[in-house]
Amino acid sequence: MNICMAHRGWSGRAPENTMAAVRLALTHPGIQAMEIDVQLSKDGVPVLMHDFELGRTVKGSGMVKDYTLEELKQFDAGSWFDEAFAGEKIPSLEEVLKEVRGKLLLNIELKTAGDMYPGLEEKVADLIQRYGMEDEAYITSFDHDAVARVHELAPTLKKGLIFGGKSRLLREQFTAMGATILSIPYPYLTPDFVHEMIEEGYTVIAWTVDNPEHIRNLISFHPELQICTNHPDRMLALTNKA
């Protein structure tokens, strides 16, 4: 059956990319996977954050990369969502790995561009291997050069390419980057394309799907299509797992 992937943790019910959202996703057995975003702190620690700048989800300003982990931990990452989450902190990737190991599949998206975060790929790959999560975690990114670097550093790790739409020479790109996972916005998917990719051995992730009718439609495409959503409860209600 289709894998239900919680986007940035259970971000429909808790502040995204926080331990609250991660732990909430772990409470429901129907949620089989989780997507998180990772960047580097000033002192080289992989941390969870989607935006390059603070402000939208964190009470602070400036770039993530300009603060040490200790400094990032001083910011409130929860009250923007609801006062009930006031004081929620920016977690490190290591904290999340300790929490989810052995419980679900983890899709770690590298948020980077060009040479913004030297060493990000190596640090994330090292953490996955250190915690023995090679079969439980994989790395994806819009920055395909970053995926290629992961392949050079850790060729056995599972890797994926994120696209903003359909792309030419798709399979050639996968071969060049050593990737087997396609992450793509759901409007670009068709039943034939999904079947074709999955039958060729690729994993396909549709993002970010919150409308129940869209979810229902995608479920009909292929039982192995993975669906990434901010509201896992909506998908689980359709599959009688709520």
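**Close-up 1. Cys-4 is a buried cysteine.** Its relative accessible area is 1%. Buried means under 20% relative accessible area, exposed over 50%, and partly exposed in between, with a 1.4 Å probe and protein chains only. The model is predicted: local features need pLDDT of at least 70, side-chain atom pairs count only at pLDDT 80 or more, and totals for chains, interfaces and linings use all residues. Residues are numbered from 1 along each chain as its sequence is written, and side-chain values use heavy atoms, with hydrogens and water left out.

**Close-up 2. Cys-4 and Cys-228 are not joined by a disulfide.** A disulfide is a pair of cysteine sulfur atoms within 2.5 Å. By this rule the count is zero. For Cys-4, the nearest cysteine sulfur is that of Cys-228, 8.8 Å away. Cys-228 is in no disulfide either, and its nearest cysteine sulfur is that of Cys-4. Cys-228 is buried, at 2% relative accessible area.

**Close-up 3. Helix H3 meets helix H4.** H3 covers residues 93-100 and H4 covers residues 120-130. Helices (H or I, at least four residues) and strands (E, at least two) are DSSP runs, numbered from the N terminus. The two axes come within 11 Å and cross at roughly 25°. Axes are lines fitted to C-alpha atoms, for helices over the stretch in contact, and angles run from 0 to 180 degrees between N-to-C directions. H3 is therefore roughly parallel to H4. Angles under 35 degrees count as roughly parallel, over 145 as roughly antiparallel, 65 to 115 as roughly perpendicular, and the rest as oblique.

**Close-up 4. Residues of H3 and H4 form the contact.** Contact means heavy atoms within 4.5 Å. H3 supplies Leu-93, Glu-94 and Leu-97. H4 supplies Val-124, Leu-127, Ile-128 and Arg-130. Five of the contact residues are nonpolar, none is polar and two are charged. Here Ala, Val, Leu, Ile, Met, Phe, Trp, Tyr, Cys and Pro count as nonpolar, Asp, Glu, Lys and Arg as charged, and the others, Gly among them, as polar.

**Close-up 5. Asn-17 has a positive phi.** Most residues other than glycine have a negative phi. Asn-17 is not a glycine, yet its phi is about 55°. Asn-17 sits in the loop between strand S1 (4-7) and helix H1 (19-26). Asn-17 is buried, at 4% relative accessibility.

**Close-up 6. Leu-169 also has a positive phi.** The value is near 50°. Leu-169 lies in the loop between strand S6 (158-162) and helix H6 (170-177). Leu-169 is exposed, with a relative accessible area of 58%.
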